[in-house]
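Hi,

Here is the structure I promised to pass on to you. Please open it first, and then read my notes below.

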Amino acid sequence: MHLSRRALLAAATATASLGPPTAAATGRLRTGFERLAADGYALLDGRRVGIVTNPTGITRDVRHLVDVMHADARVRLTAVFGPEHGFRGTAQAGGSEGRYDDPATGLPVYDTYLKSGRPLADVFTASGVDTVVFDIQDAGARFYTYIWTLYDCMEAAQLAGKRFVVLDRPNPATGRAALGPVLHKEFATFVGRQPIAQAHGMTVAELARLFNGEFLATPVPLETVLMTGWKRRDFYDASGLPWVPPSPNMPTPDTALVYSGTCMFEGTNLSEGRGTARPFELLGAEGIDGRWAAAANGLGLPGVRFREAYFAPTFSKFQGRTVGGVQIHVHDRAAFDPVRTGIGLLVTARKVWDGFAWRSDDWIDRLTGSTRVRTMIDAGAGTDEVTGAWQEELAAFRRIRKEYLLYK
């Protein structure tokens with residue numbers, strides 16, 4: 001297998017400390033943290049440890065790993081770093097918890113949200129840790145910000161001279177394939193720092209190796225603790241793990257399954273279902289009726305059907321007002337393509353509702369990674385034409401991605 005120069009460099013600075021299962025390995029899925037703990041935290045022996053985590057950093061019996069590690073004399077946990085929504089998860093989208101001392105453990109909690117580069121490196125330095133650990137459940141989409149928290153923390157750890165350890169968890173949308181457009185660098189933001197596919201089909205440990213090998217100017221000393229018992233085709237319910245919402249509007253694994261497609265509606269004047277019990281599965285606006293569901297079903301998209309739906313969001317767009325739209329019902333997860341489905345819904349919404357508009361700041365371009373989706377749909381392009389336009393760049397990303405996959 002051919003490896004890029006950066007991949008070879010990353011391999012020289014990274015070790016799979018607890019690597020993939022052997023042929024004889026059997027039994028239930030074990031997360032990176034479960035394997036780290038079962039090994040007596042040997043990887044962290046003698047280290048001053050800080051951990052980047054949020055409410056998803058739990059054990060199988062739903063104890064938070066910060067509480068578990070703090071109570072264990074075998075590991076010296078001295079700091080916690082909170083991402084968007086905060087370490088304990090009290091903040092809504094676009095918010096964080098700030099700097100405070102955790103009431104349960106007394107540990108100092110530092111805010112990483114919207115910090116990167118030298119300012120974030122200074123946070124790591126001020127904390128006094130020598131090893132930064134990352135354990136957060138991802139949702140599988142490029143614009144889900146936790147993977148860019150991972151990227152920013154890796155870069156900052158390198159600048160601050162810290163070791164970096166990633167504890168792996170499943171991709172709830174599976175790791176079968178990368179899907180959708182690839183980010184163009186001029187559209188880089190916190191919802192997409194680097195050119196990866198909209199649905200990346202990787203775990204956070206695989207992404208960390210990709211970041212180290214392809215995008216970081218100087219790789220960080222990286223170690224990964226892999227899962228055992230996880231296969232790329234597995235959906236989250238196969239893991240046997242409890243689901244904790246990684247953010248307030250990601251309530252179930254079903255949300256994660258559709259999110260990489262329907263989050264594109266954040267770039268429009270339609271509700272993406274925030275303020276309902278089914279965010280990103282319910283979409284709509286005032287003035288939309290059953291014609292949208294009929295048009296979407298007429299596309300014959302694989303694995304999914306659309307139901308005419310009416311709802312009143314309790315916050316966000318159309319707060320307290322009844323809107324019409326669709327509810328997405330995935331009936332064949334293996335056949336379902338979330339990004340293609342999202343494009344089909346955008347195309348049909350624009351055709352059947354004359355009130356359709358993009359957000360005035362062209363946020364759709366940040367979400368999709370270029371102007372292409374917006375301009376093609378505005379020009380009347382259909383679903384096949386839009387999705388066909390990114391196939392060459394997606395194929396190139398898939399070739400790079402293949403070098404960093406760690407599971408079968």
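This is a predicted model: local features need pLDDT of at least 70, side-chain atom pairs count only at pLDDT 80 or more; totals for chains, interfaces and linings use all residues.

In S5, proline 108 is the bridge partner of aspartate 101. That pair belongs to strand S4 (residues 100-101) and S5, which run antiparallel and are joined by two bridges. Strands here are DSSP runs of E with at least two residues, helices are runs of H or I with at least four, and both are numbered from the N terminus; two strands pair if DSSP finds at least two bridges between them.

Residues are numbered from 1 along each chain as its sequence is written, and side-chain values use heavy atoms, with hydrogens and water left out.

Back to the S4 and S5 hairpin: six residues lie between the strands, and glycine 106 there takes a positive phi near 80 degrees. S5 also pairs with strand S3 (residues 76-82), in the parallel sense, over three bridges. Valine 80 stands opposite valine 109 in S5. Both faces of S5 (residues 108-111) are covered, with Pro108 and Tyr110 buried on one side and Val109 and Asp111 buried on the other (buried is under 20% relative accessible area, with a 1.4 Å probe and protein chains only).

Elsewhere, three strands form an open antiparallel sheet in the order S11-S13-S12. S11 (282-285) and S12 (304-311) stand at the edges with a single partner strand each, so one side of each has no neighbour in the sheet. Four bridges join S11 to S13 (residues 323-330), and leucine 282 stands opposite glutamine 327 in S13.

Enjoy exploring!

Notes
Buried means under 20% relative accessible area, exposed over 50%, partly exposed in between (1.4 Å probe, protein chains only).
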